[in-house]
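Here is a short note to read alongside the structure. Keep the view open and find each part as it comes up.

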Amino acid sequence: MTAPTRRSVVGGAMAAGTIGLTAPATVAHAASGAAPDTARQTSSGADPWTTVLDDADMVWQKMPTTWYDGPYLGNARLGSGIYADPDTAGAVRFNIQHTEVQDHRPEFGSLFGLARLPIGHFTLEPVGTIKAVDWRLRLRDAELTGTITTDRGTLTLRALVHNSRSVMAVEVTPTRGETGFRWVFHPAEAISPRVAFKPVPDFLFSAIPRPPSRTTTACGPPYSRCSRAGSM
């Protein structure tokens, strides 16, 4: 199993937001009754959070091969696990999951009638063969940054999930040999994941027909980049 070279987050997942810790303060600040913002400063003027949280950053120098080995971005609704795609050789998978995407047929029970439904995933597909990665998941910013190095060049990566909106932003900057990299969306069938290990009831396929998935792409002014979305 490929693991971060430094510390891991308890529970294996991280949601953007504040941490339930009290910022350190000096005795002199506490005794003086200084305002909270002043008390958060050290004698050198640096914010102690920078040292405390940066020390907990997770670092990857090998491509993670499973969802539980890789970086995870999320805000308690929208989430994404990032790792080597098991179905597309040489690609990096960005899972797309949302807690509010679920079936709405309570008459069929919670296992299938109210199941959370898969959405799909994106693959980041470089031009060349991946040789190395250097990723950092910053606890302070809940942001993944780093590089993917291939035999054709480098992709500089920045990814985050907005802390209160269902928006995931990924910025990729290629060197010349990697300008032809691709983003590909792979929609998943909107059916309970429990079909993989539970007997499948007949109603699951006959009660409500599911329309085919489709993707849309939006480009152009005032946007300098394109966005792609999938729907079920």
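1. Start with the open sheet made of 5 strands in the order 2-3-4-5-10, where the pairing is antiparallel. Strand 2 and strand 10 stand at its edges. Each has a single partner strand, so one side of each is left without a neighbour in the sheet. On average, neighbouring strands here are turned by 20° against each other, direction ignored. Bear in mind that this is a predicted model.

2. Look inside that sheet next. Strand 4 covers residues 92–98, and its antiparallel pairing with strand 5 runs over 5 bridges.

3. Now find G79. This glycine sits in strand 3, residues 78–84. Is G79 buried or exposed? G79 has a relative accessibility of 3%, and buried means under 20%, so G79 counts as buried. Leave aside the neighbours within four places in sequence, and G79 is in contact with Y72, L73, G74, N95, I96 and Q97. M168 is 89 residues away from G79 along the chain, yet their C-alpha atoms are separated by 8.4 Å.

4. N75 has a relative accessible area of 9% and is buried. What does the side chain of N75 reach? It reaches the backbone oxygen of H162, at 2.7 Å. A polar atom of the N75 side chain also lies 2.8 Å from the backbone nitrogen of L78.

5. Strand 1 pairs with strand 6 (residues 130–138) in the antiparallel sense, over 3 bridges. Here W60 has W135 in strand 6 as its bridge partner. Strand 6 then runs antiparallel to strand 7 (residues 143–150), and 8 bridges join them. Within this pairing, L137 has L144 in strand 7 as its bridge partner. Strand 7 is joined to strand 8 (residues 154–161) by 7 bridges, again antiparallel. T147 stands opposite T156 in strand 8.

6. Two hairpins deserve a look. Strand 6 and strand 7 form one, with 4 residues between them. A142 lies in that turn and has a positive phi of about 50°. Strand 7 and strand 8 form another hairpin, with 3 residues between them. Which residue in this turn has a positive phi? It is G153, at about 160°.

7. Next come the aromatic rings. A pair of aromatic rings is described by the distance of the centres and the angle of the planes. By the rule used here there are 4 aromatic pairs. W67 and Y68 form an edge-to-face pair, 5.4 Å centre to centre, with 85° between the planes. Both W67 and Y68 are exposed.

8. Compare the pair F122 and W183. Their ring centres are 6.1 Å apart and their planes stand at 90°, so this pair is edge-to-face. F122 lies in strand 5 (residues 120–125) and W183 in strand 10 (residues 182–187). The pair therefore ties together parts that are 61 residues apart in sequence. F122 counts as buried, at 16% relative accessibility. W183 is partly exposed, with a relative accessible area of 28%. Which residues form a cluster with them? F94, F122, W183 and F185 form one aromatic cluster.

9. Finish with the whole protein. Its secondary structure comes to 4 helices and 12 strands. There are 232 residues, and 32% of them count as buried. Take the contacts between residues at least 6 apart in sequence: 53% of these join residues at least 24 apart. The accessible surface comes to about 13900 Å², and 54% of it belongs to carbon and sulfur atoms.

Note on methods. Residues are numbered from 1 along each chain as its sequence is written. This is a predicted model: local features need pLDDT of at least 70, side-chain atom pairs count only at pLDDT 80 or more; totals for chains, interfaces and linings use all residues. Side-chain values use heavy atoms; hydrogens and water are left out. Buried means under 20% relative accessible area, exposed over 50%, partly exposed in between (1.4 Å probe, protein chains only). Contact means heavy atoms within 4.5 Å. Accessible areas come from the Shrake-Rupley method with a 1.4 Å probe; for residues, only the protein chains shown count as cover. Two strands pair if DSSP finds at least two bridges between them. Rings of Phe, Tyr and Trp (its six-membered ring) pair if their centres lie within 6.5 Å; planes under 30 degrees apart count as stacked, over 60 as edge-to-face and the rest as tilted. A polar contact is a pair of N or O atoms within 3.5 Å; within protein, one must be able to donate a hydrogen and the other to accept it, and residues adjacent in sequence count only if both atoms are side-chain atoms. Axes are lines fitted to C-alpha atoms, for helices over the stretch in contact, and angles run from 0 to 180 degrees between N-to-C directions.
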